[in-house]
Amino acid sequence: MFSITVRDHMMIAHSFQGEVFGPAQQLHGATFVVDATFRRPELDVDNIVVDMGLAGTELRAVTADLNYRNLDDQEEFKGINTSTEYLAALIADRLVERIHQGALGKNALGISQVAVTLHESHVAWASYERSV
């Protein structure tokens, strides 16, 4: 399996519901380093997984929709605990949508998996991986 990874970052604010979250039930900020990995079993006709520049551009477009936002104020997240795991899945799903829309080029349709990792710090992160 071949893969490439591109990286971005984003800063959000949010709060959680539920005693399991302790002080994080209060509004707080989080800064994430975001890695998006694209995998495919064979290289395309140009001997690449996907154009890294396009992959980076599309990851930035997805994170831009979340960056510098209080997720508690966003209608789409009402009543949802926007955990690191949840956000990793959301970003992966949005990248897969962009692949199907052709935003990463027609050869990107050969990508079989997308994995997104959100690094909360140098010692903690969460990932989500899905098929395309």
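Which residue stands opposite Q113 in β5? Select Q113 and look across to β5, where S131 is the residue that stands opposite.

Before going on, note that this is a predicted model, in which local features need pLDDT of at least 70 and side-chain atom pairs count only at pLDDT 80 or more, while totals for chains, interfaces and linings use all residues. Residues are numbered from 1 along each chain as its sequence is written, and side-chain values use heavy atoms, with hydrogens and water left out.

**The sheet**

Now colour the strands (DSSP runs of E, at least two residues, numbered from the N terminus, just as helices are runs of H or I of at least four residues). Five of them form an open sheet with mixed pairing, and their order is β3-β1-β2-β4-β5; here two strands pair if DSSP finds at least two bridges between them. At the edges stand β3 (69-70) and β5 (125-131), each with a single partner strand, so one side of each has no neighbour in the sheet. Strands of a sheet pair through backbone hydrogen bonds, either parallel or antiparallel.

Select β4 next, which runs antiparallel to β5 and is joined to β5 by seven bridges. These two strands form a hairpin with five residues between them, and along the pair you can find V114 opposite R130 and H119 opposite W125. Turning to the other neighbour, β2 and β4 also run antiparallel and are joined by seven bridges, with D35 standing opposite T117. Six of the seven residues of β4 are buried, where buried means under 20% relative accessible area, exposed means over 50%, and partly exposed lies in between (1.4 Å probe, protein chains only).

**The core**

Of its 31 residues, F38, V50, I91, L95, V114, V116 and L118 touch the most other members. Two or more residues come from each of β1 (2-14), β2 (28-40), α1 (52-64), α2 (84-100) and β4 (113-119), and α2 gives the most, with eight. Centre the view on I91, which, leaving aside neighbours within four places in sequence, is in contact (heavy atoms within 4.5 Å) with M10, V34, L59, V62, L66, V116 and L118.

Move along to T84, which lies in helix α2. Is T84 buried or exposed? At 6% relative accessibility, T84 counts as buried. Not counting residues up to four places away in sequence, T84 touches F32, L118, E120 and A126.

T84 also belongs to the lining of the largest pocket, together with H14, F16, H28, A30, T31, F32, S83, E85 and E120. On a 1 Å grid over the protein atoms alone, a pocket is an open set of points where a 1.4 Å probe fits, with protein on both sides within 12 Å along at least five of seven lines, and lining residues have an atom within 4 Å of a point. The volume of the largest pocket is about 160 Å³. Both β2 and α2 give two or more residues to this lining, and β2 gives the most, with four.

Key: A nonpolar core is a set of buried Ala, Val, Leu, Ile, Met, Phe, Trp, Tyr and Cys residues joined through side-chain atoms within 4.5 Å. Grid points are joined across faces, edges and corners, and a volume is the space filled by probe spheres set on the points.
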